[in-house]
Amino acid sequence: MSELTMDTLVSLCKRRGFVFQSSEIYGGLSSAWDYGPLGIALKKNIQEFWWKEMTRLHDNIVGIDAAIMMHPRVWEASGHVENFTDPLVDCKKCKMRFREDKIPEENAKNKICPECGGELTATRRFNLMFKTHIGPVEDDNNNIVYLRPETAQGIYVNFKNVVQNCRMKVPFGIAQVGKAFRNEIVTKNFIFRTCEFEQMEMQYFVQPEDDMKWFEYWRGERWNYYKKMGIRENKLRWHQHGPDELAHYAKCAYDIEYEFPMGFQELEGVHNRTDYDLTRHTQYSGKDQSYLEEGTNRKFIPYIIETSAGLTRNVLMVLSDAYEEQQVAEGDTRVVLHFHPLIAPIKLAVFPLVKKDGLAELASDIEHNLRDEFATYYDQSGAIGRRYRRQDEVGTPYCITVDYQTKEDNTVTLRFRDSMEQVRVKIDEIPAFIRKADKEYKRV
Ligand code: GAP
C-alpha cells in the first residue's frame, strides 16, 4: 500500500474528530491545533501511560504540577534569556522567514533564499520565549513574565521542597506533564512543531559520579517504553547530539527519533544536564540547592538526567505508526489504526446486529454495563460491515455484536480489529476477556 503522507493523516484527523485547526472559522491560527473528542481521549491515554510508567511503577519517582508562569529570574538562571535563541534569516524578495540551521548549507552560506532564489538578510538571533506582563501596567523592567519554554525548570525550583517535605533521597526523580510555549520561527508538519505544546518530562537527581550510569539506564528505559506502547521498533532510532547541537545545559544528549511521514525526526531527548541547573539556581536565588547525603554527610549538587518527551508530538507519532491502508479483498481497502489497546481512544464498540426484536435494548444494556471499566461506544446505524470499518478507522481494538444467538445463550460475537477474527464470548466474561487480550496484544 502507498506511503502515508501528512495530508492523509491531517484529513483523517479532521474527518474523525482527532485534531482540528484552531479558530478555523476565522481562517485558522498558524500552527495552533485543537484536540477533538477522539484526539483528547488519545492524548490523555498516552499521558496516563507515561505517568504510570514513569511514576507509579517506580519506588522513587514522584510527580508535581508547577505553574506555567514563574519568576523571571528563573529564566535568567536557566540560561534561556541568554541562550534560547534560533538563527533567523528573511528573504528580501519573497519575505519568507527561515531558521538558518534548517535550510540547505549552500543557501545559508551564499545567503540565497531556498524558495525563490532572492537575497537573504544577515542572521539575527531570535529568542523563542513568549514574553508578557503581570498586572495592568506594562512596565518593561518590573513585571515581565515568560510562558515557560520547558516544564523542567518548574521541577528544579521545587527540588528542595520535594527533598525536605516528601522524604526523597538521591537518586530519585520528579515527573511532570504540562504545557510549554515557544515562539517557533518555522511551524509546519501539523502538530509536530507548534508554539503551544505539551511535554512529559522526568528529572532524575543522581550522585555526580553516577551520572553516566543513570544516563545509560534511562536511555534503555525510554527505548523500552516505546516498545511497550506497541511502536514498531524499526521506525525508531537514536541520534547522538554532536558538539554543535548540544543545548547550553547538556554534557551529552541523545534523541529518540521516529520516522514520521516527513522522515526521521526527534521524538524525545535524554540529556545529562550535569549540575548546571541547580548550580545556577543556587547562584541566582542565593538559596543553596545542594543535597546533604545521609550516612556519608557528604554535601553535593546532584547531577540531573532528564528524559523529555513531547506529548503532542507523541500523539502525532502514535497516529503515524498506527495508520495502515489494508487491501482486504480485490477492490476493497480498509483504513485501520493499530493503536495499542492500552492507549486506544475507544476500547470497545457494541452493536446490535439489527435494531428490532429487543437486540438494540440488549446491546445498549451491555454497553452501559461496560462503561465503568472501558471507554465504550454504541452504534446501531448502517450495515454491520460498515460499522466495523468505522471503528477500524479510529483504532477501536474490539467490537462486540449482539445477535439472535445472544438471546439464547448469553454470548456475543467479539471481533478483533487487527486480525478481523471473531470469537463468541459470554456476556459476563467480557471484562476478563478484554483485560487478558490487552495484556497479550501484539500488532498483526
Ligand atoms: N527540557 C528539555 C527540553 O525541553 P527539547 O529537546 O527542547 O528539550 C523536548 O524538547 C521535547 O519536547 C522534544 O523532543 C519534542 O518532543 C518536544 N518539543 C519541543 N519543541 C516542541 C514544539 N515546538 N512543538 C511540539 N513539541 C516540541
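Predicted model: local features only at pLDDT ≥ 70, side-chain atom pairs only at ≥ 80, totals over all residues.
Residues are numbered from 1 along each chain as its sequence is written, and side-chain values use heavy atoms, with hydrogens and water left out.

**Figure 1. The sheet that holds S9 and S10.** Seven strands form an open sheet with mixed pairing, in the order S3-S9-S10-S16-S13-S12-S11. Strands are DSSP runs of E with at least two residues, helices are runs of H or I with at least four, and both are numbered from the N terminus. Two strands pair if DSSP finds at least two bridges between them. The edges are strand S3 (61–63) and strand S11 (236–240), and each pairs on one side only. Neighbouring strands are turned by 25° against each other on average, direction ignored. Strand S9 (residues 172–181) and strand S10 (residues 196–206) pair in the antiparallel sense over 10 bridges. Strands of a sheet pair through backbone hydrogen bonds, either parallel or antiparallel.

**Figure 2. The sheet of S5, S4 and S6.** This open sheet has 3 strands in the order S5-S4-S6, and its pairing is antiparallel. Strand S5 (97–99) and strand S6 (124–127) stand at the edges, each with a single partner strand, so one side of each has no neighbour in the sheet. The twist averages 45° from one strand to the next. Strand S4 (residues 85–90) pairs with S6 in the antiparallel sense over 4 bridges. Thr85 stands opposite Asn127 in S6.

**Figure 3. The hairpin of S17 and S18.** Strand S17 (residues 323–329) and strand S18 (residues 332–337) pair in the antiparallel sense over 6 bridges. The hairpin has 2 residues between its strands. Gly331 in the turn has a positive phi of about 75°. Glu325 stands opposite Val335 in S18.

**Figure 4. The crossing of H2 and H8.** The axes of helix H2 (residues 37–56) and helix H8 (residues 211–228) come within 12 Å and cross at roughly 140°. That makes H2 oblique to H8. Axes are lines fitted to C-alpha atoms, for helices over the stretch in contact, and angles run from 0 to 180 degrees between N-to-C directions. Angles under 35 degrees count as roughly parallel, over 145 as roughly antiparallel, 65 to 115 as roughly perpendicular, and the rest as oblique. The crossing of H2 and H8 is right-handed (the near helix is turned clockwise from the far one by less than a right angle). Ile46, Phe49, Trp50, Glu53 and Met54 in H2 meet Trp218, Arg222, Tyr225 and Lys228 in H8. Contact means heavy atoms within 4.5 Å.

**Figure 5. Helix H12 and the glycine after it.** Arg387, Tyr388, Gln391, Asp392 and Glu393 are buried in helix H12 (residues 384–393). Buried means under 20% relative accessible area, exposed over 50%, partly exposed in between (1.4 Å probe, protein chains only). Gly395 follows H12 and has a positive phi, near 80°.

**Figure 6. The surroundings of Tyr441.** Tyr441 lies in the segment after helix H14 (430–439). Tyr441 is buried, with a relative accessible area of 17%. Leaving aside neighbours within four places in sequence, Tyr441 is in contact with His338, Phe339, His340, Pro341, Arg417 and Asp418. Pro397 and Tyr441 are 44 residues apart in sequence and 9.7 Å apart in space, C-alpha to C-alpha.
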